[in-house]
Amino acid sequence: MEHGSHSFGHGRSTQSSSDNETTNIENANNNINNNIGTGIENQQLQGTIDEETHMPIKNVTRIMQRAIPPNRRISKGAKESIQLCVTEFMNIVTSEANERCKAESRQIISGEDLIWAMDRLGFEDYVGPLLLYHQKYLNHEAQLDSMRLYKDMSGASGSNIGGANGQN
C-alpha cells in the first residue's frame, strides 16, 4: 500500500485564455476528488461507485473554532479542505487497520487496531494518549454494562415480588 503517492495536478497551463484556466482548475479539483479515499475508490457502496462518507462539516467547524480566537471566522473553503484532509486521514488509518484484520482473519476493526495502525503509520506520539483514553473508554463501557445488568436483574426480580403471595 502506497500512502502519499497522490498527484494533485497543480500544474498550470501556459495558455492565457480564461477557458483554459477554468479547465485547469476543474481538472485540479477532479484530481483532488479522485485521489481522496485512495484504496477504496473502486468499491461499490450500496450500488453507487465512488461513494464516500465525509466527517460532518459542523463537526469539522466546531473543532477548528476551538483552535482559533473567538472573534475569528473560518472560510467555507478552509472548512471543506480540512474536511477532505480528515476524510483522507481516516481512510488511510482505517485501511491500515483493515489490512491487519485481514491478515488475522478478522472482520471487525477494533480500537486497538486503529491505534496499532496509527503507530505503524508514524503517529507514535499519539499512541500512549490514545491507549490511555481507549482503556478509560473500555472501563466506562464495562461500568455501564454492569449497571444495565444490575437494573435488568433487579427489575425482573421486582416484578415477581408483588405476585408471590401465593395468590393465583
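Colleague: Which residues form a nonpolar patch on the surface?

Modeller: Tyr-133, Tyr-137 and Leu-138 do, with about 330 Å² of accessible area together. Like charges are joined within 9 Å, and nonpolar side chains (Val, Leu, Ile, Met, Phe, Trp, Tyr) within 5 Å. Accessible areas come from the Shrake-Rupley method with a 1.4 Å probe, and for residues only the protein chains shown count as cover.

Colleague: And what sort of model is this?

Modeller: It's a predicted model: local features need pLDDT of at least 70, side-chain atom pairs count only at pLDDT 80 or more, and totals for chains, interfaces and linings use all residues. Residues are numbered from 1 along each chain as its sequence is written, and side-chain values use heavy atoms, leaving out hydrogens and water.

Colleague: How many helices and strands does the protein chain have?

Modeller: Helices (H or I, at least four residues) and strands (E, at least two) are DSSP runs, numbered from the N terminus. Here you'll find 5 helices and 2 strands, in the pattern α-β-β-α-α-α-α along the sequence.

Colleague: Where does Tyr-137 lie, and why does Tyr-137 count as partly exposed?

Modeller: Tyr-137 lies in helix α5, residues 124-161. Buried means under 20% relative accessible area, exposed over 50%, and partly exposed in between (1.4 Å probe, protein chains only). Tyr-137 has 42% relative accessibility, so it counts as partly exposed. Of the 168 residues of the chain, 15% count as buried; in helix α4 (residues 111-120), those include Asp-113, Ile-115, Ala-117 and Met-118.

Colleague: Which residues is Lys-79 in contact with, leaving aside its neighbours within four places in sequence?

Modeller: Contact means heavy atoms within 4.5 Å. For Lys-79, that gives Ile-57, Val-60, Thr-61, Met-64 and Ile-74. Lys-79 is found in helix α3, and its C-alpha atom is separated by 6.8 Å from that of Val-60, 19 residues apart along the chain.

Colleague: How many disulfides does the structure hold?

Modeller: A disulfide is a pair of cysteine sulfur atoms within 2.5 Å, and the count here is 0. As for cysteines, Cys-85 is partly exposed at 49%, whereas Cys-101 is buried at 0% relative accessibility.

Colleague: What about Ser-105: buried or exposed?

Modeller: Exposed, because its relative accessibility is 69%. Ser-105 is in the loop between α3 (76-103) and α4, and its phi is near 55°, a positive value in a residue other than glycine.

Technical notes: Patch = residues over 30% accessible without salt bridge, like charges linked within 9 Å, V, L, I, M, F, W, Y side chains within 5 Å. Salt bridge = Lys/Arg side-chain N within 4 Å of Asp/Glu carboxyl O.
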